[in-house]
Amino acid sequence: MAEPMMSKPAGDRRRPGGREARRALRTAPLAEAIRPVRAGLEGGHYRPLSDAAVQKVHQTALRMLEEIGLADAPESGIEAMTAAGAILGDDGRLRFPPALVEDMLALAGRDTPDPTDLDLNTLYAVISGTSKHGGSSFTHYKRAEMGLEMLHMVAGSEEAWRARPFVSNSNCFVVPPMKFATESCLVMETLIRGGMPILLLSAGQAGATAPTPLAGAVTQAVAECLAGVVYVNAIKPGHPAIFGTWPFVSDLRTGAMSGGSAEQGLLTAACGQMARFYDLPGGSACGMSDSKAPDMQAGYERGISNVMAGLSGLNLI
């Protein structure tokens with residue numbers, strides 16, 4: 001008798017080429033119509049704040065500047081800003097009438113109208129042995145003066161440097177909440193007069209040096225950077241400066257900064273939206289991770305926050 005035929009186990013029933021076909025489909029380039037990222041997409045479309053919320057942040061920031069003000073400005077800064085219309089109170093705090101802030105916003109230097117300047121600066125930096133426009137900070141205004149002398153030598157002359165400044169000053173001109181950082185302000189004044197662009201940095205930490213609610217942290221950063229706009233333009237109207245709202249967030253269980261959190265992404269995106277509201281070049285911090293290793297957590301935390309910053313329309317990340 002013929003032996004009975006044995007059927008294949010259920011697990012061995014495969015369609016010829018099925019797995020290979022699926023693998024080929026996954027590795028093939030996406031069709032142009034379904035690609036999530038395509039050439040020509042523009043930032044500024046992600047808007048975590050409603051129009052009403054943007055106005056509320058703006059109006060609250062103006063009220064904070066008018067009623068609370070900022071303390072500890074150097075004498076030279078007080079002189080410049082009071083001459084422009086700020087009010088020095090008996091408590092030593094500078095207060096800013098809303099009309100003054102609005103006037104200074106109208107004077108503030110906005111984004112480069114012609115990218116030729118940026119191209120020339122970048123080219124010059126490459127020729128000088130660097131790969132990008134540089135950013136630097138100084139701890140004392142005397143060292144800032146020394147830095148300017150060095151830049152004059154690199155550029156060939158002071159006139160050449162002023163015509164094509166290729167280094168910016170990252171300046172933490174405030175100590176949150178709502179106090180000027182005196183030494184940093186003196187550095188900033190020196191570099192404004194020396195022709196160096198300024199990145200105005202307000203880096204309060206929600207739950208520590210800024211309000212715990214995210215809206216409050218954004219509003220404080222906006223108020224402090226608006227004070228910086230007044231400061232810069234009181235010294236030199238239209239001087240190039242970046243609206244650098246950099247609020248961070250605390251993990252309230254430990255007190256540590258949580259740079260990879262979802263809250264950080266929201267803070268960054270909201271700050272990008274506020275910079276666009278003022279029509280100023282905006283800079284903020286993102287791309288951080290709370291992971292201690294280059295693992296999946298690090299990848300998705302960095303990726304998601306960078307996407308939110310880009311979609312919000314930030315100019316400097």
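**Helix α9, its neighbours and the sheet**

Helix α9 lies across strands β5 (198–202) and β7, and runs at about 160° to β7. The model described here is predicted. In this model, α9 also meets helix α2, and the strands β5 and β7 belong to an open sheet of four strands.

**The sheet**

- The order of the strands in the open sheet is β3-β4-β5-β7, and their pairing is parallel.
- Strands β3 (134–136) and β7 (241–245) stand at the edges with a single partner strand each, so one side of each has no neighbour in the sheet.
- From one strand to the next, the twist averages 25°.
- Three bridges join β3 to β4 (residues 167–171) in the parallel sense.
- Within this part of the sheet, Ser136 stands opposite Asn169 in β4.

**The crossing of α2 and α9**

- Helix α2 covers residues 51–67 and helix α9 covers residues 214–235; their axes come within 9 Å and cross at roughly 60°.
- The crossing in which α2 passes α9 is right-handed.

**Residues in the helix contact**

- On the α2 side, the contact is made by Val57, Thr60, Ala61, Met64 and Leu65.
- These residues meet Val218, Thr219, Gln220, Val222, Ala223, Leu226 and Ala227 in α9.
- Nine residues of the contact between α2 and α9 are nonpolar, three are polar and none is charged.

Terms used:
Residues are numbered from 1 along each chain as its sequence is written. This is a predicted model: local features need pLDDT of at least 70, side-chain atom pairs count only at pLDDT 80 or more; totals for chains, interfaces and linings use all residues. Side-chain values use heavy atoms; hydrogens and water are left out. Axes are lines fitted to C-alpha atoms, for helices over the stretch in contact, and angles run from 0 to 180 degrees between N-to-C directions. Helices (H or I, at least four residues) and strands (E, at least two) are DSSP runs, numbered from the N terminus. A crossing is left-handed if the near helix is turned anticlockwise from the far one by less than a right angle, and right-handed if clockwise. Contact means heavy atoms within 4.5 Å. Ala, Val, Leu, Ile, Met, Phe, Trp, Tyr, Cys and Pro count as nonpolar, Asp, Glu, Lys and Arg as charged, and the others, Gly among them, as polar. Two strands pair if DSSP finds at least two bridges between them.
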